[in-house]
Every structure is written in C-alpha cells, then in structure tokens.
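Please look over the sequence and the model first.

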Protein chains: 2
Amino acid sequence: MTTPPREMTRPAPGRRDTRQRRAVLGALERATGFASAQAIHARLRAAGTPVGMATVYRVLRDLADTGQVDVVRDDAGEQQFRRCTPGHHHHLVCVACGRAVEVESVAVERWAEEMGRANGFTDVHHDVELFGTCSRCAGA
Amino acid sequence: MTTPPREMTRPAPGRRDTRQRRAVLGALERATGFASAQAIHARLRAAGTPVGMATVYRVLRDLADTGQVDVVRDDAGEQQFRRCTPGHHHHLVCVACGRAVEVESVAVERWAEEMGRANGFTDVHHDVELFGTCSRCAGA
DNA sequence: TATAGAGTGAGAATCACTATCGATAACAGG
DNA sequence: CCTGTTATCGATAGTGATTCTCACTCTATA
Ligand SMILES: [Zn+2]
Ligand SMILES: [Zn+2]
Ligand SMILES: [Zn+2]
Ligand SMILES: [Zn+2]
C-alpha cells in the first residue's frame, strides 16, 4: 500500500496545528490500549514535552467529539481514551493489561435495532464494551 | 389488595432495618427510571425524610454490590441507579423521560461469549445499554 | 511582517463521591 | 422492659477528576 500523507497529525478542518495537539495525539498513538487524560498528561511531562492539563482535556474532548478517539469510563468513572479506527465499532478489552481488540459486531447492531423497533423507540444507539482477560495475561 | 410481606424493605442478611435504608429503597421504588444519588437525596429531603448524603451513597452501593439495583454512568459520568429485576439483563432507556424497559438479550449474551472465545479471552463480561426516544416522547 | 483570533496553561472552581469518627439506635439476651 | 454490643448515622472534611477563567502566546494567512 501507499500509506501516504500521515493524517494522524493533521488538525481537523478549522483546527490549528500546535505542538500540544501533536503531543497528545502522539501519546495516544503510542499507547498500547486505553489511556486516561491524567496518564497522558503525566507521560508527556515525563517525556519532556509538558502540556497543560486543561489542554490535554481540551484536545481529547475535541478528538472524541470528532470521532477520532473512543472514550469509555472505567469502574472508577474515569474517562479512558483510545485512538482507533474511525467509524462505529466495539472493543474487547483486557482488564489486566489494557490491550484492546476491535470485534465484529453485526450481531449486536442488528439486535439493538431490533430491540428498539420492538419497543417503539426511535433514534436508538448503544454503549457496548466487552471485558475479559487475554490469553497472554491469563497464562501469567 | 393484599400487598403481602413486601420484601422490598427486608434488609439483606446481617443488615439492619433502618429508617434510612427504607427511605432510600422507597425512593428507588418510587422512581420512574434511573435516579442519581444526588437526586434521591434531594427527593428525600423534600419529602421530609432527610437522610445523610453519605448514607444514601452507602445504601446505594450496598444495594448495587448485592445486585439489588442496576448502575450505569450517564454521559457526565454520574452514577444512575435503578431498582429492578435481579439477575443479569439489559435496558433500553428513553433519553427524554428516563423510562427504561428491560430487553431480551440472548443474542448479545451469545455474541459476547463468542467474541471472547474467538479472541482467546477468558472471564468475559460486558456492559451493554441501549438508548433512544420512546414513542410517547417522540410524539410530543 | 502585521494581525485576528484560535489556542494555551496556571490556578481557581466544580462536583460527584469517599473517609472520619463520635453520636445514635437496632436487636439479641436476660 | 433494661442493656450491652455494634451496625449504622451523618455533619463535615477531604479526594480526585474535569472544567472554567482569562491574560498571554502562537498559527494561519493576507
Ligand atoms: Zn492482557
Ligand atoms: Zn454497535
Ligand atoms: Zn420517554
Ligand atoms: Zn448481558
């Protein structure tokens, strides 16, 4: 394949390309699985690329709003971000190492739609996340 | 009607039957759909049955731990509680009025298990919530 | 290069939720 | 009904994540 112009760092239309935005995006790109805003902030500071807390949150929220990152809440209610394939899809996350794999979800999509129709609901959408222990962590 | 031995107020084994616990449970029972701890606290105060904030949270957490209430996080990350059928199941919630209906979920259960197996994950569990606008609210 | 205004960040403000711990009240016995 | 044991209360002081402020900085562009 060609893998041309890395759009990774390209700011969304109307957005400016700043060092901070690039840094947050980079940290997200570098992360194995999900990462919290706090974690990203800490990593950037440790990496010698300090970015203000407010900015980290601002960029992450923007990325989430434009569908460039996934957001889920962990049990403590903290937001966890993950850079991944654009478009609707779901994950199977390892509760031990955080690694996440995108899973095929036609079945749920169909089920959700079906349930909505069956109950007379419109504009039906859903939150679906799978958790478990990956083979690598299970073996340890 | 007979309104028999309402188990609703029966404290879990080892728990004491207090006015506060009864009040929280009652508020939950009375609620249409999901309710936040803050909301329950406010309602009880307004109803002239004041209960400490800490107690509301304590009771709700206990009920959740013993599977007597469902807990979900809204977009703001706030916990929402709902008294309902014990045992694993999912809901279709109206984003307008909060009313929620329990939906049949064999399909998702099977799908979740399948995905776990397919990816070598063990102890797979899931978070699944459906949202939409109920017919009543859609008509308004 | 000059300029408009998007973007930044230190620090204050929110806010849901938890920890403290002395006071209070269930409840099993007697 | 009295009483000791203790679970439970609740006013209050945290905690910790996320947001708000707003003067200052830098990107994008003519
Ligand atoms: Zn793992
Ligand atoms: Zn889906
Ligand atoms: Zn409705
Ligand atoms: Zn399920």
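Which residue in β3(A) is the bridge partner of A:Val69? The partner is A:Arg83. The model is predicted: local features need pLDDT of at least 70, side-chain atom pairs count only at pLDDT 80 or more, and totals for chains, interfaces and linings use all residues. Residues are numbered from 1 along each chain as its sequence is written, chains are lettered from A and ligands numbered from 1 in the order in which they are written, and side-chain values use heavy atoms, with hydrogens and water left out.

**Sheet in chain A**

- Three strands of chain A form an open sheet in the order β1-β3-β2, with antiparallel pairing (strands are DSSP runs of E, at least two residues, and helices runs of H or I, at least four, numbered from the N terminus; two strands pair if DSSP finds at least two bridges between them).
- β1 (35–36) and β2 (69–73) of chain A are the edge strands, each pairing on one side only.
- Five bridges join β2(A) to β3 (residues 79–83) of chain A in the antiparallel sense.

**DNA strand C**

- DNA strand C is surrounded by 19 residues, the closest being A:Arg16, A:Thr18, A:Thr55, A:Arg58 and B:Tyr57 (a residue is near a strand if one of its heavy atoms lies within 4 Å of it).
- Of the atoms of DNA strand C that come within 4 Å of the protein, 65% belong to sugar and phosphate.
- A phosphate oxygen of DNA strand C lies 3.1 Å from a backbone N or O atom of A:Gly52, and for B:Gln79 a backbone N or O atom lies 2.9 Å from a phosphate oxygen.
- A base nitrogen of DNA strand C lies 2.8 Å from a polar side-chain atom of A:Arg58.
- At least two residues each of the surface near DNA strand C come from α1 (19–30) and α3 (53–65) of chain A and from α3 (53–65) of chain B.

**Chains A and B**

- In chain A, 37 residues are in contact with 36 residues of chain B (contact means heavy atoms within 4.5 Å).
- Among residues of chain A, A:Trp111, A:Phe121 and A:Phe131 supply 25% of the area that chain A buries against chain B, more than any other three residues (buried area is the accessible area, with a 1.4 Å probe, that two parts lose on being put together, summed over both).
- β6(A) pairs with β6 (residues 122–133) of chain B in the antiparallel sense over nine bridges.
- In β6(B), B:His126 is the bridge partner of A:Leu130.

Notes: A polar contact is a pair of N or O atoms within 3.5 Å; within protein, one must be able to donate a hydrogen and the other to accept it, and residues adjacent in sequence count only if both atoms are side-chain atoms.
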